[in-house]
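Welcome! Here is a short tour for someone meeting this structure for the very first time. Please have a look at the sequence and the model before reading on.

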Number of protein chains: 2
Amino acid sequence: MNKPLILVTNDDGITSKGILHLITLMKEIGEVIVVAPDRPQSGMGHAITVNNFLRVTKSAIFEGVRAYECSGTPADCVKIARHSILKNDRQPDLVVSGVNHGSNSSISILYSGTMSAAIEAAIESTPAIGFSLCDFSHDADFSHTDEMVKKITNLVLKGMPSGIALNVNIPKKNEEELKGIRICRQANSKWAEIFEERKDPADRPYYWMTGSFVNFDNGEDNDEWAIANNYVSVVPCQYDLTAHSAIPVLKKGWGLD
Amino acid sequence: MNKPLILVTNDDGITSKGILHLITLMKEIGEVIVVAPDRPQSGMGHAITVNNFLRVTKSAIFEGVRAYECSGTPADCVKIARHSILKNDRQPDLVVSGVNHGSNSSISILYSGTMSAAIEAAIESTPAIGFSLCDFSHDADFSHTDEMVKKITNLVLKGMPSGIALNVNIPKKNEEELKGIRICRQANSKWAEIFEERKDPADRPYYWMTGSFVNFDNGEDNDEWAIANNYVSVVPCQYDLTAHSAIPVLKKGWGLD
């Protein structure tokens, strides 16, 4: 049997520690191709490049792995891998994105470049996983993630519902071992932003966005609960944003039923 | 009774024809404040600015309207309006985004800066509408949209379910009058990209993304059908991306139930 072809991308950029870790693990499971941003793309959400061109450059930074760096966003990387780099070749059996330096749980999925790459693959009916480690440091310790990343990847390769992407968040390394996997829903939460005003040397104001995470969710079936309790959270995500339950409410309220 | 406070933003930038049109209409309905990107931000999805600072500059381009241009994305504009510009003031009763030069129907909502601003407001439980005209031209004719934009805005101000944003797409002007409003679900569709390779003056390749829209949906209850039949489509959108139906499937398949 052919080894599965695994496309690896991320949003921290091709030189980040997290993608190197993910590539090393994926090489144990399949044939790997890398198409990743040439610079950090955190917070890019599902951005694509529509008003500019893209560059794609072959990279030799990963030994024995076919790799390309791309000037675009994570979603661009998945698109250009499929429709240009692999255009006439075998298409990926799986797209994995990450391992992200920092959590992409609950509401953060909307802002996540890591997950936009996975969702882009889901749109093409390719199984996809975004892996994130709940540790934002550039030099984060990924060593405790190996077994879980491989286990989840192998489970997905055995088959999963079409048109979804998994948002996998792994607790930061601590004294305790990871307790296991929880299949969850996205927690009800938001970021409460603060804009810190500073003055530039010409005395003109500029603003840095900072903020704190606010969790409104008391359930135990959501990703925030799982991570706080040292489980790996797995949220299946879809690209249909329709609030289906609101359709009859609006039809009735607007006299259109 | 106080007039409603309406925050207007967009993704085509503060100087676009579409936002001027929307501001003019909103002034008939409420008190208007504008916080919009200082340059085009199409295709930005739900991007936010995390690795850079933001600039905010007061603008006098709209007569009698308090307006600011911001160096960030549409989602940044909504965040900085709430948490910095209006920090100690009355918060908006409604956020409207657009009128976008071009369709944001079906799958395009994921890539849409217009809708990311509206969804950002929904996260804050503020009623929100993204308006798009299915005409990409810079000099598009918005004249046939006025009654529908005002009607939908007034309906939303009367109340709608919390935590959702409306994705409103208006057919391009043609000989026939608009037939009415359809409350819809997001059509099942995708973009099939083509990457056109060119060579720069130094003979290095670069790529322009183009593509064609592929509609897999034969239903009549979706936004593509509505627009093709000269109705204004209204899709209520949520920010919970969980594929709830996949949770029990995964739990069973992975032996976790």
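In helix α1 of chain A, the residues A:Gly18, A:Ile19, A:His21, A:Leu22, A:Ile23, A:Leu25 and A:Met26 are buried. Here, buried means that 20 or more other C-beta atoms lie within 10 Å of a residue's own, exposed means 12 or fewer, and partly exposed is in between, with C-beta atoms placed from the backbone. Helices (H or I, at least four residues) and strands (E, at least two) are DSSP runs, numbered from the N terminus.

Before going further, note that this is a predicted model, in which local features need pLDDT of at least 70, side-chain atom pairs count only at pLDDT 80 or more, and totals for chains, interfaces and linings use all residues. Residues are numbered from 1 along each chain as its sequence is written, while chains are lettered from A and ligands numbered from 1 in the order in which they are written.

What do the buried residues of α1(A) pack against? Their partners are β1, β2, β5, β6 and α4 (146-157) of chain A. Two residues are in contact if their C-beta atoms, placed from the backbone, lie within 7 Å. The table sets α1 beside another helix that lies across strands; axes are lines fitted to C-alpha atoms, for helices over the stretch in contact, and angles run from 0 to 180 degrees between N-to-C directions.

| Helix of chain A | Lies across (chain A) | Angle |
|---|---|---|
| α1 (residues 17-27) | β1 (5-9), β2 (31-37), β5 (94-101), β6 (128-133) | about 140 degrees to β5(A) |
| α2 (residues 74-85) | β1, β2, β3, β4 (66-70), β5 | about 130 degrees to β2(A) |

Now to the sheet itself. In chain A, 9 strands form an open sheet with mixed pairing, in the order β3-β4-β2-β1-β5-β6-β7-β11-β8. Because β3 (56-59) and β8 (181-183) stand at the edges with a single partner strand each, one side of each has no neighbour in the sheet. From one strand to the next, the twist averages 20 degrees. Two strands pair if DSSP finds at least two bridges between them.

Chain A has 6 helices and 11 strands, and 53% of its 257 residues count as buried. Its C-alpha trace spans about 55 × 55 × 50 Å along the principal axes.

The largest nonpolar core has 150 residues, and A:Ala165 and B:Ala165 have the most contacts inside it. Such a core is a set of buried Ala, Val, Leu, Ile, Met, Phe, Trp, Tyr and Cys residues joined through C-beta atoms within 7 Å. Among the residues that A:Ala165 touches are A:Met115, A:Ile119, A:Ile129 and A:Cys237.

How do the chains meet? In all, 58 residues of chain B are in contact with 58 residues of chain A. On the side of chain B that touches chain A, α6(B) gives the most, with 5 residues.

One last stop is B:Leu178, in the loop between β7 (165-170) and β8 of chain B. With 16 other C-beta atoms within 10 Å, B:Leu178 is partly exposed. B:Leu178 touches residues including B:His144, B:Met148 and B:Val232.

Definitions and conventions: Lists of a residue's contacts leave out its neighbours within four places in sequence.
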